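Please view the sequence and the structure first, and then read the points below, which are grouped by topic.

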Amino acid sequence: MKIPYRIAANVEWTSKCNATCAMCPREAIDRPQSMSMATWRQVLDRLAPDEIFRVVLAGYGEPTTHPRFFEFIDELRPHPVRFDMVSNGHLLDVERLRHLDGAIDLLMVSFSSIDPDVYARVHVNLDQRRVMDNLQAASRVLRRTRLAISLTPMPDCLPALGDTIAWLRAHGIERLTMSPTLYNRGGKLEAHRLASAELRRMIRQHGLRSQELDFVPSAAEIFRQWRRNRFGCIPRNVDLFVAASGDYLYCYNDVAHRHPIGHVAADPVAAVLRRREGMAALPTLCEGCNMRHRYGPRELLRAGVGFARARLREG
């Protein structure tokens, strides 16, 4: 049972976190948990290169806090699918960096601002100096894993964005990305609004990479999955969220993990995607989401042009 397009998978090693960031509505997670080794092995068995082009180890927790972090890294080493990781950087010491080097393709660290006050408001409970030291260590230590920075697109972060970028580049960190959408987690972050047009302008101004391109395997595959899905939401359709419990979730905006559509112990990826293709909107997740109608024909064309240009630059 194969599908005619590939997607990204967002795999959550843990829904526990060492931070309470302003953009993450963690209060919606009733029972934070860490993935078991048995479930992780089941996840790995479900990931096939002809279905999944990229696995992002992220979810709603911090993967470096998982108590079996080193063993989980070892389990994925021989797997043929590409693995990336998103981290807040607080626990990325030299030991962890050396262990993940080469096993993880892209290590993306979320960093809000060089301004200590802004960082403290956005990345709550984290030590900015420690994170900055870890970033410098990563720039020195990593040889086979690429280091990238995910710049937080919140309004508070933008006045010092130029200074933040200058500090990162001065320390040899050149792969800088930002999302052109401050997405509101299914309506849970309505207080934080910023126009995508302004974010796109800043991405161009500072020579950043737009994160919307990272989940696109090819233009043809985006067209195929759009045509086959009853609910034409590109952000939902190009990503499959696997929770720490092993549940496949309807959408990554299901912060509370209340809408499973299968489990890795019983369901192959293709079956889950075919199930989701026929599903309509879930009012509790979709009505307040600022990503649902994010890509109409004009916006999709604009993103497609950006995608093509980025691929040409990369050769």
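Apart from its neighbours within four places in sequence, Glu277 is in contact (heavy atoms within 4.5 Å) with Tyr5, Arg228, Asn229, Arg230 and Phe231. The model is a predicted one, in which local features need pLDDT of at least 70 and side-chain atom pairs count only at pLDDT 80 or more, while totals for chains, interfaces and linings use all residues. Residues are numbered from 1 along each chain as its sequence is written, and side-chain values use heavy atoms, with hydrogens and water left out.

**The chain as a whole**

- The protein chain has 12 helices and 10 strands, these being DSSP runs numbered from the N terminus (helices H or I, at least four residues; strands E, at least two).
- Of the 315 residues in the protein chain, 56% are buried, where buried means under 20% relative accessible area with a 1.4 Å probe, protein chains only.
- Among contacts between residues at least 6 apart in sequence, 74% join residues at least 24 apart.

**Helix H10 and Glu277**

- Glu277 is found in helix H10, and this residue counts as buried because its relative accessibility is 7%.
- Helix H10 (residues 269–277) lies across S1, strand S2 (52–57), S8, strand S9 (247–249) and S10.
- The helix runs at about 115° to S8; axes are lines fitted to C-alpha atoms, for helices over the stretch in contact, and angles run from 0 to 180 degrees between N-to-C directions.

**The sheet**

- Ten strands form an open sheet with mixed pairing, in the order S7-S6-S5-S4-S3-S2-S1-S8-S9-S10; two strands pair if DSSP finds at least two bridges between them.
- The edge strands, each pairing on one side only, are strand S7 (209–210) and strand S10 (260–263).
- Strand S1 (residues 7–11) and strand S8 (residues 239–242) run parallel and are joined by four bridges.
- Ala9 stands opposite Leu240 in S8, and Asn10 has Phe241 of S8 as its bridge partner.
- On the S9 side, Phe241 has Leu249 as its bridge partner, and S8 and S9 pair in the antiparallel sense over two bridges.
- The hairpin of S8 and S9 has four residues between the strands, and Gly246 takes a positive phi near 95° there.
- In a regular strand, side chains alternate between the two faces of the sheet.
- In S8, Asp239 and Phe241 point one way and Leu240 and Val242 the other way, and all are buried.

**The loop at Gly61**

- Gly61 is placed in the loop between S2 and helix H2 (69–76), and its relative accessible area of 11% makes this residue buried.
- Although Gly61 and Thr14 are 47 residues apart in sequence, their C-alpha atoms are 5.2 Å apart in space.
- Beyond its neighbours within four places in sequence, Gly61 is in contact with Glu12, Thr14, Ser15, Lys16, Cys17 and Arg26.

**Cavities**

- There are two cavities of 30 Å³ or more; a cavity is a set of points, on a 1 Å grid over the protein atoms alone, where a 1.4 Å probe fits but cannot get out.
- The largest cavity holds about 70 Å³ of space, a volume being the space filled by probe spheres set on the points, which are joined across faces, edges and corners.
- Of the 13 residues that line the largest cavity, Cys233, Arg236, Cys251, Asn253 and Cys289 are the closest to its centre; lining residues have an atom within 4 Å of a point.
- Helix H9 (234–237) and helix H11 (283–286) are the elements that give two or more residues to this lining.

Note on methods: Buried means under 20% relative accessible area, exposed over 50%, partly exposed in between (1.4 Å probe, protein chains only). On a 1 Å grid over the protein atoms alone, a cavity is a set of points where a 1.4 Å probe fits but cannot get out, and a pocket is an open set with protein on both sides within 12 Å along at least five of seven lines; lining residues have an atom within 4 Å of a point.
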